[in-house]
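Hi,

Here is the structure I said I'd send over.

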Amino acid sequence: MMPIFCRPATQFALAMGFVVGFATAAAAQSSAEPVERPVSFSSEQADRGKVKYIKECVDCHGENLKGGLSGGAPLRGLAFEQKFFDGLPASIIFAYMVSTMPPDSPGRYSPNTYANLMAYILKRNGFKAGAPLPSDFDALDYLIMEK
Ligand code: HEC
C-alpha cells in the first residue's frame, strides 16, 4: 500500500522542486541581463588610441580622419555615420576593425588596443568621454552608437 500513496507525493514534491528551481533560475537570469546604454569611452583610452592611430592608421585615414594619402576611407562624415552609428551596437565597428584593420595584418593588436583606437575615433566624431569602452563583444553588443 505504501508505495501507492508515496509515489504521487514524491512526484508532486519533485515537480514543485523543479518549478521553484526553474523560476529561481529564470529570475536570476533576467536580473543579470545587461541593459542597453549609449556608448562611451574614457579620455585615457582616447589618448592612447591617438598615439596608436598616428603611428598605424594616419597614412591611410588622415590626420583629420577624412581620408589620407594612402587611400583609406574617411572615419568621419555622413557615410561613415550611416554605416556604423545610427543606433547600431558598438560591436559592429569594433568587429569591423578587428577583422579588417590594418589591411596588411588584421587582428594583430590586442582587444584593448582596438578599444583605444575606437575611443579615439569616437572622440573625433564628437562622442563624449565617460565610462571606459569595453573590449569584449558581449559587452559591446549592449552599447548603442548614439551621441
Ligand atoms: C594601408 C591603408 C590602411 C591602413 C594602414 C588602415 N586602414 Fe582602415 N581602411 C582602409 C581602407 C582602404 C578602408 C576601406 C575598406 C573598404 O571599404 O572595403 C578602411 C576602412 C576602415 C574603417 C571603416 C570605414 C568605413 O567607412 O567603412 C575603419 C573604422 C578603419 N579602416 C580603421 C582603421 C584603423 C583604426 C587603422 C589603424 C590601426 C586602419 N584603419 C589602418 C585602409 C587602411
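One convention before the notes: an angle of 65 to 115 degrees between axes counts as roughly perpendicular. Also keep in mind that this is a predicted model.

On to the helix packing. The axes of helix 2 (residues 43-56) and helix 6 (residues 111-124) cross at roughly 100° and come within 7 Å. The two helices, helix 2 and helix 6, are therefore roughly perpendicular to each other. On the helix 2 side, the contact is made by Gln45, Ala46, Arg48, Gly49, Lys50, Lys52 and Tyr53. Facing them from helix 6 are Thr113, Ala115, Asn116, Leu117, Ala119, Tyr120 and Lys123. By type, the residues of this contact between helix 2 and helix 6 split into 6 nonpolar, 4 polar and 4 charged.

Ala119 turns up again in the core. The largest nonpolar core has 27 residues, and Phe94, Met97, Met118 and Ala119 touch the most other members. Helix 2, helix 5 and helix 6 each give two or more residues to this core, with helix 6 giving the most, 8 residues. Leaving out residues up to four places away in sequence, Ala119 touches Phe41, Gln45, Ala46, Gly49 and Leu133.

Cheers

Key
Residues numbered from 1 in each chain as written. Predicted model: local features only at pLDDT ≥ 70, side-chain atom pairs only at ≥ 80, totals over all residues. Axes fitted to C-alpha atoms, helices over the stretch in contact; angles between N-to-C directions. Helix = DSSP H or I, 4+ residues; strand = E, 2+ residues; numbered from the N terminus. Parallel < 35°, antiparallel > 145°, perpendicular 65-115°, else oblique. Contact = placed C-beta atoms within 7 Å. Nonpolar A, V, L, I, M, F, W, Y, C, P; charged D, E, K, R; others polar. Core = buried A, V, L, I, M, F, W, Y, C linked by C-beta atoms within 7 Å. Buried ≥ 20, exposed ≤ 12 C-beta atoms within 10 Å, placed from the backbone.
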